[in-house]
Amino acid sequence: MPVALVTGSSRGIGRGIAVALGRIGWKVVVNYAGNRAAADECVALVKAAGGDATPVQGDVGVTADRARLVEETIRWGGRIDLLVNNAGVAPDVRADILEAGEESFDRLIRINLKGPYFLTQAVAKAMAVQTPDESGSRGQIVTVSSISAYTASVNRGDYCIAKAGLGMLTALFAARLADLGIRVYEIRPGVIATDMTGPVKAKYDALIAGGLTPIKRWGQPDDIGRTISAIARGDLPFSTGEVINVDGGFHLRLL
Ligand code: NAP
């Protein structure tokens, strides 16, 4: 069974990714920050879907935790075929960029940008010494950024800047790792129904009904999960550094 490490997969989009990988028979490390009960639920769902899973606590924003995540994944699974950098947080308070403070900025950069950057570095080194499969692949890395990578929301500048940085993470590691047989992708979800968007549900309900996206519905975690399954299966063999919008068409300019 191939092995995936999916950060922040106890709930939300990460859980959708873990379960979708379970459906195609993968082993999944279900990483979580603090919600062990949710991680256990996800592990059960992955197993019920046909895969295998184990919960591993770890804060992607903490250096020692990132190292432990890689070690525990290899100890449990024997290798890492796929890293999904999914864990991410919203600002505790949405504050206008003329008022927002450094504490929130530092937190968002640490968890949403520095964490995936250095976890990708650590996993890439582990993948680089793995035996390639028959297609020459040593592993794949997918980062979940956001439409916020290019959409200016003036009440959460810290979040937007962190997500924009993930675009360069993708480009850098795609360029650096291609010769090692490691392909790198970025997924930009649109508005997805999770705990993160729970507090702004009414606002987005109205925006979607009003035509925010050509496909007029909320995205679901499984929409992201199915996209990542295609990557996991190796169905994008001549693409790397590719940005995949999973957003109901939000990114289109309309006239
Ligand atoms: P969510 O429902 O709030 O779930 C967050 C997940 O990340 C949980 O599993 C949580 O673990 C974990 N997590 C939080 N901080 C962590 C840390 N420091 N280290 C490790 N794990 C951590 O969020 P979501 O909506 O699924 O979002 C997932 C990703 O998609 C994020 O990167 C987010 O920015 C991005 N995204 C979301 C949307 C959307 O509309 N929802 C749109 C675009 C992009 P615990 O259960 O232990 O707390």
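**Helices, salt bridges and ligand contacts in a predicted model**

Asp81 is found in the loop between H3 and E4. Helices (H or I, at least four residues) and strands (E, at least two) are DSSP runs, numbered from the N terminus. The model is predicted: local features need pLDDT of at least 70, side-chain atom pairs count only at pLDDT 80 or more, and totals for chains, interfaces and linings use all residues. Residues are numbered from 1 along each chain as its sequence is written, and side-chain values use heavy atoms, with hydrogens and water left out.

Asp81 is buried, at 15% relative accessibility. Here buried means under 20% relative accessible area, exposed means over 50%, and partly exposed lies in between (1.4 Å probe, protein chains only). The side chain of Asp81 meets that of Arg79 in a salt bridge, with 2.9 Å from N to O. A salt bridge is a side-chain nitrogen of Lys or Arg within 4 Å of a carboxyl oxygen of Asp or Glu. The two side chains are also joined by a polar contact of 2.9 Å. A polar contact is a pair of N or O atoms within 3.5 Å; within protein, one must be able to donate a hydrogen and the other to accept it, and residues adjacent in sequence count only if both atoms are side-chain atoms. Arg79 is partly exposed, with a relative accessible area of 25%.

By the salt-bridge rule, the count comes to 13. Side chains of opposite charge can pair when their charged atoms come close. One of these pairs is Arg68 and Glu72, with the closest N and O atoms 3.6 Å apart. Both residues belong to helix H3 (residues 63-77). They are 4 residues apart, so about one helical turn separates them. Arg68 is partly exposed at 27% relative accessibility. Glu72 is partly exposed as well, at 24%. A further salt bridge links Asp235 to Arg233, where the closest N and O atoms are 3.3 Å apart. Asp235 is partly exposed at 48% relative accessibility. Arg233 also counts as partly exposed, at 48%. Elsewhere, salt bridges that share partners join Asp65, Arg68 and Glu72 into one network.

Strand E4 (residues 82-85) contains Asn85. This residue is buried, at 4% relative accessibility. The side chain of Asn85 makes a polar contact of 2.8 Å with that of Thr120. Ile97 is found in the loop between E4 and H4. Ile97 is exposed, with a relative accessible area of 51%. Along the chain, Ile97 and Gly77 are 20 residues apart, and their C-alpha atoms are separated by 44 Å.

Helix H4 (residues 102-128) has 27 residues. From its first C-alpha to its last, H4 reaches 37 Å, close to the 39 Å expected at 1.5 Å a residue. The expected span of a helix is 1.5 Å times one less than its number of residues. H4 bends by about 40° at Arg110. The bend at a residue is the angle between axes fitted to the seven residues ending there and the seven starting there.

Helix H7 (residues 221-232) has 12 residues, which should span 16 Å at 1.5 Å a residue. The end C-alpha atoms of H7 are 16 Å apart, which agrees. H7 is mostly covered, with 9 of its 12 residues buried. Among the buried residues of H7 are Pro221, Ile224, Gly225 and Thr227. Ile228, Ser229, Ala230, Ile231 and Ala232 are also buried in H7.

Leu177 is found in helix H5 (residues 157-177). At 4% relative accessibility, Leu177 counts as buried. Leu177 and Arg233 are 56 residues apart in sequence. In space, 19 Å separates the two, C-alpha to C-alpha.

The ligand is surrounded by 32 residues. A residue is near a molecule if one of its heavy atoms lies within 4 Å of it. The closest are Ser10, Arg11, Asn86, Tyr159 and Thr194. A backbone N or O atom of Gly8 lies 3.3 Å from an oxygen atom of the ligand. For a backbone N or O atom of Ile13, the distance to a ligand oxygen atom is 2.8 Å. Lys163 places a polar side-chain atom 2.9 Å from an oxygen atom of the ligand. Taken alone, the ligand exposes 900 Å², and the protein buries 93% of that. Accessible areas come from the Shrake-Rupley method with a 1.4 Å probe; for residues, only the protein chains shown count as cover.
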